[in-house]
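Me: I should like to go through this structure term by term, setting each value against its definition. Please show it first.

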Amino acid sequence: MGKLKNLKKPNIVIIISDQQTWKQNWDKVWTENNLPAMNKLLKNGLAFNNAFTNSCTCTSSRTTLFTGTFPATHTATQVLAFDDPFNKQSPPKGYTQVMQGQLRNNMDNMFEMMESAGYNVAYKGKWHISKPTEFVKMKGKGPLKPDIDQLYWTSKDVSQLDKLYGVKEWSYPDAGDDANIFNFGGGRFNNDGRFVDGEGQSALYGKKLPGMSVEESNAERLKTSALEYIKNYKDDKPLFLVVSLVNPHDVLSYPGNETMTDPYGVPREPPLYKLGGYDDDFKCIKVKLPSTWDEKLDTKPKIQATWQKMLQGFGAIKTEEVATNYVKFYAYLTSLVDKEIDKVLKALKKNKKTRNSLIIRVSDHGDMAMSHGMIRQKMFNAYQQTINVPMIFSHLTDRKMFSGKTTESFAGLIDLMPTIAEIAGVKTENYKFQGKSLVRILKNPTKKVQDHVHFTFDDSYLETDTPQDMGACRIRCIIQTKGNQKWKYAVYFDPNYGQEMEYEMYDMTNDPEERYNLAYSDLKKVIKLYNGSKKDKIKKGFVLKKRQELHKLLTKVMIEKGTMPDTVVWPKISGGKA
């Protein structure tokens, strides 16, 4: 572990998957056989069991990662959708139209920071934190009518990303922002394959790039792939490379049955995941439902049950069998993206110039994957399945550097920018990081740099045009470790209609499944349920005291980090009046 201090300006490679939760209840044998890259990184790495995204959805999480700031600072709070300016229709029925912030070019970001530190910067894969520079209108052909959204990235965006953000070597188009099959990481269009080794089709035109034959198009995709870039890397300067992949994000296409419609009410047949090129082979995987799949949500914030019902519009999941197949599909997609990552690891190891690489393996956020009453996706909650993400620091060739260890120390995606800055020898006096460097933990996994992590949720993209019927749906959350105890406390609020705040509090040590909401209004009911399932009983007085302690800590952190909402009068005590 001490070797880290002698590692001077190593190549740094960040590998990102999309929508991958850290802890899974998958069969160990299946995991060993189907996640080769994850197994390698764990064997040579240091894994953080308590690593969290500091916000979601995709855009806000990724912008936080690459700026080291909270969404309240960088203002990219909604997941970016690429609106069609030629479309004369109104927004999808029942949904509001929101202004969407994107990565601002006047903010410090990781790419410009690393270039200033003497690194060659390259970015391969999903971007999803800014919009294209122009719109190119195209017409779909045949039974696959492409949603116009993803068909207007052009070569101009490659130079634009470089000019505005210092992002170099990017290859358009973007992928993975919605359920459009042209965005899929795998399946028929296989954007992850396109990003990694050029094998996937171009989401822009299908098989052919404009003005090129199929053979020329294949050669062009190979030339701009991550593997080709790594293979031809010969510079003596250190490399900073981001490989950002889509899967297991394609899980949003399941079950996608015949009753599923596109945003404007047009039926999709056959099921969306099959339309995208996936068959039913995944259904033979031996994966179980999470233990909370049949949980009643009557003691949880109202928005969770509302969202669970809204999700039926993405394809109905009302039986245990269909729910199990969702989890199987999720596991399958995770294995697909892992195999693409393994290709990257092998390529890095093969080139002498890239062999000395520090790998940082993360995900932007997780997926609920049928937990807590068969909720899926990542909106409107702060459960572990959504916010506890993979974070592994690993070295390709030096097993002794991290020795296959794990740490219980707290970390957030917001901490990666200051961590990388310290490793790369960046002078940080002029940077306004809102996270903390994790280097101390990398040197000694028993150390810690913080006793809490802050999570915020402000994405209004999927709020209906009557959000007052949804329940309070913005979130401020704190996860705290104190002594041998771990706690989570969250406040759900409504910034627009003044709905009553709702609260969550979980004893993560004795209730890691987050079944018992100790901040529910009928505390007597929850304590009875809690004590009926635990050997160590809990008392009402202790719960009330702990709740106020966590509310005070959350309020303090919100003031420090600038995440206090502008249109809400924050209560001085949990459950009380402002």
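Me: Where does Met470 lie?

Reply: The loop between E8 and E9 holds Met470. Helices (H or I, at least four residues) and strands (E, at least two) are DSSP runs, numbered from the N terminus. This is a predicted model, in which local features need pLDDT of at least 70 and side-chain atom pairs count only at pLDDT 80 or more, while totals for chains, interfaces and linings use all residues. Residues are numbered from 1 along each chain as its sequence is written, and side-chain values use heavy atoms, with hydrogens and water left out.

Me: Why does Met470 count as buried?

Reply: Buried means under 20% relative accessible area, exposed over 50%, and partly exposed in between (1.4 Å probe, protein chains only). Met470 has 1% relative accessibility, so it counts as buried. In space, Met470 and Gln304 are 8.9 Å apart, C-alpha to C-alpha, although 166 residues separate them in sequence.

Me: How do you know that the span of helix H18 agrees with its number of residues?

Reply: The expected span of a helix is 1.5 Å times one less than its number of residues. H18 (residues 540–561) has 22 residues and should therefore span 32 Å; its end C-alpha atoms are 31 Å apart, which agrees. After H18 comes Gly562, with a positive phi near 75 degrees.

Me: What covers the buried residues of H18?

Reply: The buried residues in question are Val543, Lys546, Arg547, Leu550, His551, Leu553, Leu554, Thr555, Val557 and Met558. Their cover includes strands E8 (452–457), E9 (474–482), E10 (485–493) and E11 (502–507), together with helix H17 (523–533).

Me: What makes a set of residues a nonpolar core, and which members of the largest one touch the most others?

Reply: A nonpolar core is a set of buried Ala, Val, Leu, Ile, Met, Phe, Trp, Tyr and Cys residues joined through side-chain atoms within 4.5 Å. The largest such core has 59 residues, of which Trp26, Phe329, Leu345, Ile359 and Met370 touch the most other members. Among the elements that give two or more residues to this core are strand E1 (11–17), helix H2 (36–43) and helix H12 (320–350). H12 supplies the largest share, 13 residues. Leaving aside residues up to four places away in sequence, Leu345 touches Ile15, Ala37, Leu41, Ile359 and Leu396. Another core, of 49 residues, lies apart and has Leu46, Phe48, Phe393 and Ile441 among its members.

Me: Why is the pair of Asp364 and Arg62 called a salt bridge?

Reply: A salt bridge is a side-chain nitrogen of Lys or Arg within 4 Å of a carboxyl oxygen of Asp or Glu. The side chains of Asp364 and Arg62 meet at 3.0 Å, N to O. Asp364 lies in the loop between strand E5 (357–363) and helix H13 (371–374), and Arg62 in helix H3 (residues 58–67), so the pair ties together parts that are 302 residues apart in sequence. Asp364 is buried, at a relative accessible area of 0%, and Arg62 is buried as well, at 1%.

Me: Which residues form salt bridges with Lys168?

Reply: Glu115 meets Lys168 at 3.6 Å, N to O. Because Glu115 lies in helix H5 (residues 110–116) and Lys168 in the loop between helix H6 (155–165) and H7, this pair ties together parts 53 residues apart in sequence. Asp162 also forms a salt bridge with Lys168, with the closest N and O atoms 2.7 Å apart. Glu115 has 37% relative accessibility and counts as partly exposed; Lys168, at 23%, counts as partly exposed too.

Key:
Contact = heavy atoms within 4.5 Å.
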